[in-house]
Amino acid sequence: MFKNISGAEAVIRCLIEEDVDVLFGYPGGAIMPVYDELYKFQDQLHHILTRHEQGATHAAQGYARSSGKVGVAIATSGPGATNLVTGIADAQIDSTPVVCITGQVSSNLLGSDAFQETDIIGISTPVTKWNYQITKASEISEIFAKAFYIAKSGRPGPVLIDITKDAQFEMLNSFEYQKCKKIRSYFSVPETDPESLKKAAELINEAKKPFIVWGQGVILGNAESEFLNFIEKTGIPAAWTILGLSAIPTDHPLNVGMVGMHGNYGPNVLTNECDLLIAVGMRFDDRVTGNLNSYAKQAKIIHFEIDPAEVNKNVAVDVPVLGNVKNTLHAIMPFLNKKNHTDWVSKFSEYYAVEFEKVIDGEYNKNDGGLSMAEVIRVINDNTNGESILVTDVGQHQMVACRYTKFNLSKSNITSGGLGTMGFALPAAFGAKIGDPKREVIAVIGDGGFQMTIQELGTIYQSKAAVKIVILNNNFLGMVRQWQQMFFDKRYASTEMVNPDFVTIAKGYFIKAKKVEKREKLNEEIREMIEHKGPYLLEVVIEKEDNVFPMIPSGSSVSDVRLE
Ligand SMILES: Cc1ncc(C[n+]2csc(CCOP(=O)(O)OP(=O)(O)O)c2C)c(N)n1
């Protein structure tokens with residue numbers, strides 16, 4: 001219990017009670033009392049000054065995804081608060097636990113169009129799991145406890161707390177903090193119906209051609225070992241959504257690759273041949289399913305899911321199994337028969353061989369012409385033992401990097417999946433490095449997305465976060481250019497980029513940087529980057545008009561996936 005402390009100090013004490021050790025943010029008038037306390041508490045709570053508030057939310061997301069903890073971002077009212085919104089929306093759709101704190105004008109000015117007043121509660125309502133405006137210091141303790149509980153419990157997500165300036169100044173006679181363990185009428189994890197486990201097990205035991213698609217729920221639920229036990233006992237081939245990537249090692253014999261628009265050939269085509277589709281902690285996003293009218297219509301479907309709102313949302317399910325996948329995958333084990341599906345699994349290998357011949361070999365093992373994105377990833381793989389964290393932005397490089405990077409450890413793939421936010425990677429990368437400092441963090445970014453948050457090089461320099469930045473420079477907004485080539489008769493409307501000298505820019509921020517154009521130099525330059533102790537930027541000039549295949553054209557069926 002603390003006596004005679006300000007609301008601002010109470011905010012700091014709440015963060016310390018929640019084991020927050022770092023927060024990302026940007027100061028301004030309406031949040032200055034809290035910043036003043038941050039100054040006083042700097043030994044216990046480290047503040048990283050980003051160069052833009054969007055960077056603060058993405059950094060908090062990167063931190064949350066690499067550490068498994070709640071990320072915290074803080075900003076002032078008005079433009080500071082609105083600049084957080086893209087990152088909040090990104091965290092909402094990708095289920096990332098983040099608490100955002102915004103300053104607000106004093107309560108007597110609310111609604112008067114005061115200087116830097118925006119209705120951030122109204123603006124952020126559709127993109128937060130919960131939000132709340134504090135106008136009295138006495139509310140701080142309870143609201144922060146709820147905020148952290150809501151952000152991390154059940155299906156995680158972003159929470160925003162807006163706090164008026166007078167509440168920050170107001171003195172509290174006494175302050176006590178209790179972590180929240182329960183909120184009336186908020187059921188973070190639904191109860192599992194034991195019958196659903198039995199029904200699911202029956203279908204799994206009977207199936208001749210079962211197929212698993214797993215998503216981020218496996219990682220968020222810390223259910224990696226339960227998931228491995230499940231697939232190894234049942235012998236079922238399993239494919240990942242982009243956010244599920246890295247939950248199990250790439251080279252596991254039952255890991256058959258990625259589903260979705262730029263996923264692998266076999267998993268997409270065989271979605272429409274399996275007799276049982278088992279979805280684990282994924283949400284049937286349209287980028288995964290393609291046209292719903294022709295998605296796995298022949299199959300029975302089981303959905304292991306924590307969020308009841310996702311069940312039967314896009315795809316009608318035969319057996320929903322509600323609950324945390326860590327528990328449900330464990331609980332179903334005694335009902336399952338040990339099996340293998342050798343012939344069925346080999347079908348995936350047959351499709352892989354076709355994809356290898358038509359797509360993979362040519363780009364992954366390329367040895368003439370301009371550099372390909374895939375061979376850059378191959379050389380990164382050769383130098384990292386599958387143990388580094390990959391952070392990607394949005395576009396062609398994202399699809400290629402996610403498909404080709406080899407992973408041996410979970411929580412190693414950080415990308416903007418649901419929102420597809422260009423500008424995500426650079427700030428998310430230093431957030432990830434701060435969240436897990438022992439691991440190598442490699443950000444692979446397109447020349448377009450890099451320039452959306454390029455100013456965060458300043459944060460990297462100031463915070464000394466040793467991230468490695470690889471810019472795959474094709475001088476195009478590559479993914480949009482690919483669509484223009486395929487669906488708009490090559491009318492490259494505003495997709496060609498005339499770029500600055502990235503190396504000079506990085507050097508302006510005192511970050512070591514190099515540019516590589518030649519295949520013979522690639523391995524040496526990547527090794528030098530990895531061996532360098534501090535942050536490093538490597539610009540790799542790649543083939544200008546490379547395309548990403550496989551591809552399911554928008555609106556088509558998963559089985560219409562194209563290889564060229
Ligand atoms: C904030 C934002 N604006 C626009 C888009 C649409 N968009 C998706 S991919 C892409 C091109 C990305 O280009 P680049 O960063 O150079 O990566 P590349 O595709 O070339 O690898 C664009 C413009 C987006 N995803 N996010």
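This tour visits the ligand and its surroundings, and then one glutamate.

The model is predicted, so local features need pLDDT of at least 70 and side-chain atom pairs count only at pLDDT 80 or more, while totals for chains, interfaces and linings use all residues. Residues are numbered from 1 along each chain as its sequence is written, and side-chain values use heavy atoms, with hydrogens and water left out.

**Stop 1: the ligand**

**Stop 2: backbone atoms beside the ligand**

Next, select glycine 449, where a backbone N or O atom lies 2.7 Å from an oxygen atom of the ligand. At glycine 478, a polar backbone atom is 2.9 Å from a ligand oxygen, and at phenylalanine 476 such a distance is 3.0 Å. Taken alone, the ligand exposes 590 Å², of which the protein buries 76% (Shrake-Rupley method, 1.4 Å probe).

**Stop 3: glutamate 539**

Now select glutamate 539 in strand β20 (residues 536-541); strands are DSSP runs of E with at least two residues, numbered from the N terminus. Is this glutamate 539 buried or exposed? Glutamate 539 counts as buried because its relative accessibility is 3%, and buried means under 20% (1.4 Å probe, protein chains only). Its contacts (heavy atoms within 4.5 Å), not counting residues up to four places away in sequence, include Ile471, Phe502 and Lys514. Finally, select leucine 472: its C-alpha is 6.4 Å from that of glutamate 539, although the two are 67 residues apart in sequence.

Notes. A polar contact is a pair of N or O atoms within 3.5 Å; within protein, one must be able to donate a hydrogen and the other to accept it, and residues adjacent in sequence count only if both atoms are side-chain atoms. Helices (H or I, at least four residues) and strands (E, at least two) are DSSP runs, numbered from the N terminus. Buried means under 20% relative accessible area, exposed over 50%, partly exposed in between (1.4 Å probe, protein chains only).
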